[in-house]
Amino acid sequence: MALLIRSSVVGRAWPDWMSDDPAVTWLSWLVDAMKTVPPVVASITLFTLLRAWWRRTLGRRRGWTKSYERLVPGMHPDLVKELFGQPTFEGRAKGRVPSEGTWAEADLTVRTWVLDRDGYLVTWTTCGDVGDVVVAYSLTTANRWFSPQIRVATPQDRWVKLGRTVFNGVLDDQAPEGEDRFGWLGARRSSYWERYYWGNPGLYLRWYIGYTDCGYSRRPGVPVDTSEPDATEQRVQEFRRTTSINSVLVTLGSPDIDFKDIGPDLDLVRLASRPTAGVRLRRWHSGRR
């Protein structure tokens, strides 16, 4: 038997009187199949390594975008965890719901995901008798290489490229007024957002586009404090014309949430920030001195 196997391996043909033997035919097929095992195993291993490298580097940002596109208001929070894993931070907030002609407080759970160095995902979830439902979520870019195109369901079906698209480049002819826009400017923090509602064309959702201080903006600006007397329409329009949107939020509208910032809390997420390659290189170089 060993002689027969060796004959097949070195390429010698089986004797004519043995070629019709089923056992020999099966053995020949087995020997030939074993020749392909090492290349197949090597190919699978290489593919697994390349896929893992892709998901950690170049394809990582595409993965964030694909997962975000699967989010919908009203979904269960466990589905968000399946897409993005466990949240980095979790806190509490308050909302308002109509109750017998007045407003009643609603408890909300605010979860924040730090998406590596690329951005942040924040969800607002109801908790209590009504069950766990994601009523709002936002995506913020924190990296110039992470600029996903986000659909804003306007009557014209516009798209926002986070970190690049300016405010009046999307909805210049529908700039909101009054309570549908809000900006504030502190000693070191700032934020600005605009809110839109289009009924059926907007899927009966409320859409926010904004500029947050913890995000990346190709064309950053200084938000206008809309509560100040000198917050003229000219200053607001100048800010909209020169500043890039870096955060988008979608909400059901109920419960009503008083958003001061549609992105994450800068003082919170900076605790989980990772140093860039340049910072790590400077630390390594200074340590060798």
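In which sense do strand β2 and strand β3 pair, and over how many bridges? In this predicted model, β2 (residues 102-115) and β3 (residues 119-126) pair in the antiparallel sense. The pairing runs over 8 bridges.

The two strands form a hairpin, with 3 residues between them. In the turn, D116 has a positive phi of about 55°.

## T123 in strand β3

T123 is found in strand β3. T123 is the bridge partner of R111. At 1% relative accessibility, T123 counts as buried, because the cut-off for buried is under 20%.

What does T123 touch, not counting residues up to four places away in sequence? Its contacts are V80, T109, V110, R111, W113, V134, A136 and Y137.

## Aromatic pairs

The whole structure holds 12 aromatic pairs. One of them is W64 with F84: the ring centres are 6.3 Å apart and the planes stand at 15°, so this pair is stacked. The pair links distant parts of the chain, with W64 in helix α3 (residues 58-69) and F84 in helix α4 (residues 77-84), 20 residues apart. Both W64 and F84 are buried.

Y208 and F259 make an edge-to-face pair, because their planes are at 70°, with centres 5.3 Å apart. Here too distant parts of the chain are linked: Y208 is in strand β9 (residues 206-212), and F259 is in the loop between β10 (247-251) and α7 (266-269), 51 residues apart. Y208 and F259 are buried. Together with W124, F182 and W193, they form one aromatic cluster.

## Charges over rings

R206 lies over the face of Y197, at 4.7 Å from the ring centre. K260 lies over the face of W184, at 4.3 Å from the ring centre.

Definitions and conventions. Residues numbered from 1 in each chain as written. Predicted model: local features only at pLDDT ≥ 70, side-chain atom pairs only at ≥ 80, totals over all residues. Heavy atoms only, no water. Pairing = 2+ DSSP bridges. Helix = DSSP H or I, 4+ residues; strand = E, 2+ residues; numbered from the N terminus. Buried < 20%, exposed > 50% of the residue type's maximum accessible area, 1.4 Å probe, protein only. Contact = heavy atoms within 4.5 Å. Phe/Tyr/Trp six-rings, centres within 6.5 Å; stacked < 30°, edge-to-face > 60°. Lys NZ or Arg CZ within 6 Å of the ring centre and 35° of its normal.
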